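The sequence and model come first, followed by notes on selected features.

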Amino acid sequence: MSSTLETLRRDFGGDIIEPGAADYESASRSVLASGSPAYVLRPKSAGDVRASVRFAANAGLALSVRGGGHAFAGFGTNDGGVVIDLSLLANVEIIDRERHLVRIGGGATWGQVAAALAPHGLAISSGDTKSVGVGGLTLSGGIGWKVRKYGLALDNVVAADVVTAGGEVVRASAEENPELFWAIRGGGGNVGIVIAFEFAAHPTTDVFYGKIVFPASEAATVLQGWADHLRTAPEELTSIVSFANPFAGGPEAPVEIQVAFDGDDPELAAAAIDPIRRLGTVVDDDVALTPYADTLVDGAVPPPGIRLLTRSAFVDKESVPAALRVLAEVGASQGSPFIAVRSVGGAVSRVPDDATAYAHRRAELMIVTTTLGPQPVVEAARPALAAIWERLAPHVNGAYANFLASATDEDVAAVYPAQTYERLAAVKRQYDPGNLFAGNHNVRPR
């Protein structure tokens, strides 16, 4: 180990943070998990990332890769291993103004990207939280406020620079290493560390964004009407419904429908959004013209000791009425988890099923439940939560990796259907035969 560490110190130009260092406590944890890694490495260059990977491999240490550190399953840290923290690789650069191509460092956050692109009138549909990392979100999907018009964040990736388990930098695009390019778009961190993405951004205006709020008693009819409307609404409209918020009354909490209309024409926006307003008794409505960058919110950091148990699944068109009926009943009962339902479809569904390693193209909705509290509270809630998901099981399929707090074999099978898994395993065998990149919803090399 000592010679391996000496090699790292010689080849590495970034920060090496070890236990006992002044900033170790903050460096050792991710947003949603604590850990005690032996080394936290903050590379400043591609060469530093290569040296970090070789160090972890040669030392036989577990490896975690951290972008924004928001993984619900705590992938951004570990105990006794190596954490590669990419936060210093955060440049955002427009490399082709005519084609709106943007090169983004693998450690950038979406807030940094939105702020950098806003003065140029450009945007990338990219989740809803400023502090979430570009890498983690994109590699597994990216369901943002323009998802129905522009697809997933990963659908807008045109190339990437990837550091493989062998410590080499490999270019991935439709023309160069196309199977690797396929795998990084949906395969999570399984096949390497993306140190730079190239995205096709799009011109943006301000957008109509905000919340329309209804009483809890109208949840069942509002949910069904919302889903019916989103099925035929203009693709400029993306929306999320949330209810049963335990901090706003649980079963008495209002039904909040967030909307984002991609455009600044008030008449077109009203035509798309007004049918939602007519679904029930509106008790609040703050939808207004908003800079796109301002639709991203600051990410909340839970206090120490608070656990988040998050689970997700997709709903195809024919199962929407039954799934929403179950959710409305669950949300009206004491002890319900926080429930959110996201609209997808649109541009997402126009991509062929096998074009990327993201496998859930036919879904119309995505369901997310979240239970949070101290460890004993979360553990006590598990049986009731399992019962809820048993009721949902006939009406849902798959899972979205970015909204899963666990990484069991069952979770991996839900994220990656058999055909996708087998193809990923073949790419994994080529680029990471020893499964160095195992800190994820792990695909084992075949």
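## Selected features of the chain

Ala244 sits in the loop that connects strand S13 (237-243) with strand S14 (255-261). The model is predicted, and in it the phi of Ala244 is near 60°, a positive value in a residue other than glycine. Ala244 counts as buried because its relative accessibility is 2%, and buried means under 20%.

Asn435 also has a positive phi, of about 55°, although it is not a glycine. This residue belongs to the segment after helix H13 (418-431). With a relative accessible area of 19%, Asn435 is buried, because the limit is under 20%.

Asp206, Asp264, Asp265, Glu267 and Asp294 form a negative surface patch. One of them, Asp294, is placed in the loop between strand S16 (288-290) and strand S17 (306-315). Asp294 has a relative accessible area of 48%, so it is partly exposed.

The table lists the relative accessible areas given above.

| Residue | Relative accessible area | Class |
|---|---|---|
| Ala244 | 2% | buried |
| Asn435 | 19% | buried |
| Asp294 | 48% | partly exposed |

Of the 446 residues, 55% are buried. The C-alpha trace spans about 70 × 55 × 45 Å along its principal axes. How does the radius of gyration of the chain compare with that of a compact globule? A compact globule of 446 residues would have a radius of gyration near 22 Å, and the chain has 22 Å, so the two agree.

Conventions
Residues are numbered from 1 along each chain as its sequence is written. This is a predicted model: local features need pLDDT of at least 70, side-chain atom pairs count only at pLDDT 80 or more; totals for chains, interfaces and linings use all residues. Side-chain values use heavy atoms; hydrogens and water are left out. Patches are made of residues with over 30% relative accessible area and no salt bridge: like charges are joined within 9 Å, nonpolar side chains (Val, Leu, Ile, Met, Phe, Trp, Tyr) within 5 Å. Accessible areas come from the Shrake-Rupley method with a 1.4 Å probe; for residues, only the protein chains shown count as cover. A salt bridge is a side-chain nitrogen of Lys or Arg within 4 Å of a carboxyl oxygen of Asp or Glu. Lys and Arg count as positive and Asp and Glu as negative; His and the chain ends are not counted. The place of a charge is taken as NZ of Lys, CZ of Arg, CG of Asp or CD of Glu. Helices (H or I, at least four residues) and strands (E, at least two) are DSSP runs, numbered from the N terminus. Buried means under 20% relative accessible area, exposed over 50%, partly exposed in between (1.4 Å probe, protein chains only). The radius of gyration is taken over C-alpha atoms; the globule rule is 2.2 Å times the number of residues to the power 0.38.
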